[in-house]
Structure formats: structure tokens, C-alpha cells
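Open your viewer and keep the selection tool at hand.

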Amino acid sequence: NDDEAAAMWNQLYVTRNDGSIKTPSQSTFCLGVERGFSDPKGTVLKMAQHIHGDDAITTDAEGVPEINNSMRLDGQGKYGLLARGDAEYFVRLPKDGYVDWIWDVAAGYLILKEAGGKMTDVHGNCIDFSQIGVERRAKLPDDVSGLLGSCGGVFHDALVEAYALSEGDQ
């Protein structure tokens with residue numbers, strides 16, 4: 001029955017992105033499990049410090065720096081956590097020269113967008129999916145050197161700014 005199916009569906013919504021309920025400094029980062037793959041230069045740690053302040057970073061039992069307000073998850077689940085408001089930021093900064101496969105990004109991009117969030121390249125530019133499939137291309141455009149996902153609004157502005165400041169730190 002179509003009515004029953006419609007009643008079972010719940011629209012997901014990201015954290016309200018105008019800063020009225022939660023501010024960027026209170027935000028949660030959702031990060032990949034493999035630190036060396038998703039952030040080999042440690043840029044996300046610097047970004048968290050720009051957004052959360054000086055006490056953003058802690059050290060785990062093995063002496064590895066970690067963002068205080070973060071969670072680590074493998075796969076596409078990170079997009080779902082943002083889409084339902086369990087986190088506000090997703091950052092993927094692979095090693096130089098690596099270009100993501102479309103299947104690692106497209107579904108999460110759509111889920112996040114439909115929930116009211118935003119995903120861009122590291123400079124805040126929209127991701128151009130128009131060349132996908134042209135000449136059997138299955139990767140994002142070569143100029144996409146990393147991904148920034150958020151609940152949008154003031155959060156995305158803060159994330160793009162934190163990336164630019166962190167790149168200036170290096």
C-alpha cells in the first residue's frame with residue numbers, strides 16, 4: 001500500500017544550519033577510520049582548532065592526536081550521520097594526486113543535499129558531476145583535491161574558512 005509506505009518514510013534533516021541551536025564551535029566532526037588515507041597531512045586537526053579553539057585536540061592512549069568532538073566511521077555512513085543531524089562536518093582530504101571514485105561520493109552527496117546539507121570541494125566550489133561517464137570516466141574531476149561536507153549555512157562557511165586558514169598554516 002502506497003499510503004503505508006509513505007507513512008513509514010521519515011525525511012532526514014541536518015542540524016539547523018543558521019547557528020541558532022548549535023554553533024560551529026560546538027560541532028561534531030565525522031571522519032574516516034583510516035587517518036593516513038583521509039587526512040595524511042593532519043589538516044583536519046588544524047581545521048578543528050580553527051573552528052573549536054585551542055582545546056579542540058586531545059591525545060589518545062597511544063599518543064595520537066584526535067579531535068575532541070568527533071567520531072570515526074568507515075564508508076558512506078558518514079553522510080547518513082550528517083543527514084540525520086548526528087554530526088555537522090565531514091572532511092576528506094586524501095593524499096596528493098588521489099582522485100575519488102564517483103561511487104565513493106555521489107550517493108552521499110545526494111543524501112546530504114536532500115537533507116539540507118552541502119558538499120563542495122575544499123575551496124567551496126560545487127562539485128561538477130557533468131563529466132562523469134564521459135570517455136568512461138568514473139572519477140571526480142581532477143581539480144577536486146578533497147571534499148568538505150556539512151549541514152550547510154554558517155557551518156559550511158566556517159569549514160571552508162578553516163581549510164583556507166589551515167592551508168596557510170602549512
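Accessible areas here come from the Shrake-Rupley method with a 1.4 Å probe, and for residues only the protein chains shown count as cover. Show the surface: the protein exposes about 9,300 Å². Carbon and sulfur atoms supply 50% of that area.

Before going on, note that this is a predicted model, where local features need pLDDT of at least 70, side-chain atom pairs count only at pLDDT 80 or more, and totals for chains, interfaces and linings use all residues. Residues are numbered from 1 along each chain as its sequence is written, and side-chain values use heavy atoms, with hydrogens and water left out.

**Stop 1: the whole chain**

Switch to cartoon. Along its principal axes, the C-alpha trace spans about 55 × 45 × 30 Å.

Buried residues make up 39% of the 170. Buried means under 20% relative accessible area, exposed over 50%, and partly exposed in between (1.4 Å probe, protein chains only). Now think about contacts, meaning heavy atoms within 4.5 Å. Of those with a separation of 6 or more, 74% join residues 24 or more positions apart.

**Stop 2**

Select Cys 151. It sits in the loop between β7 (147–150) and α6 (153–169). Is Cys 151 buried or exposed? It is buried, at 0% relative accessible area. Beyond its neighbours within four places in sequence, its contacts include Val 14, Glu 88 and Lys 118. Next, pick Arg 16: its C-alpha is 7.4 Å from that of Cys 151, though 135 residues separate them in sequence.

Step back to Gly 149, in strand β7. Gly 149 is buried too, with a relative accessible area of 0%. Leaving aside neighbours within four places, it touches residues including Leu 82, Tyr 89, Met 119 and His 156.

Jump to Gly 77, in helix α4. At 35% relative accessibility, Gly 77 is partly exposed. Draw a distance to Asp 18: 24 Å between C-alpha atoms, 59 residues apart along the chain.

**Stop 3: the pockets**

Rolling a probe the size of a water molecule over the atoms shows where empty space is left. On a 1 Å grid over the protein atoms alone, a pocket is an open set of points where a 1.4 Å probe fits, with protein on both sides within 12 Å along at least five of seven lines; lining residues have an atom within 4 Å of a point.

Select Phe 37, Asp 74, Gly 75, Lys 78 and Arg 92. Of the 15 residues lining the largest pocket, these lie nearest its centre. The space there is about 270 Å³. Which strand gives the largest share of the lining? It is β5, with 3 residues.

Finish with Lys 41, Pro 94, Asp 96, Ser 145 and Tyr 163. They lie nearest the centre of the second largest pocket, which has 16 lining residues. Its space is about 190 Å³.

Definitions and conventions:
Points joined across faces, edges and corners; volume = space filled by probe spheres on them. Helix = DSSP H or I, 4+ residues; strand = E, 2+ residues; numbered from the N terminus.
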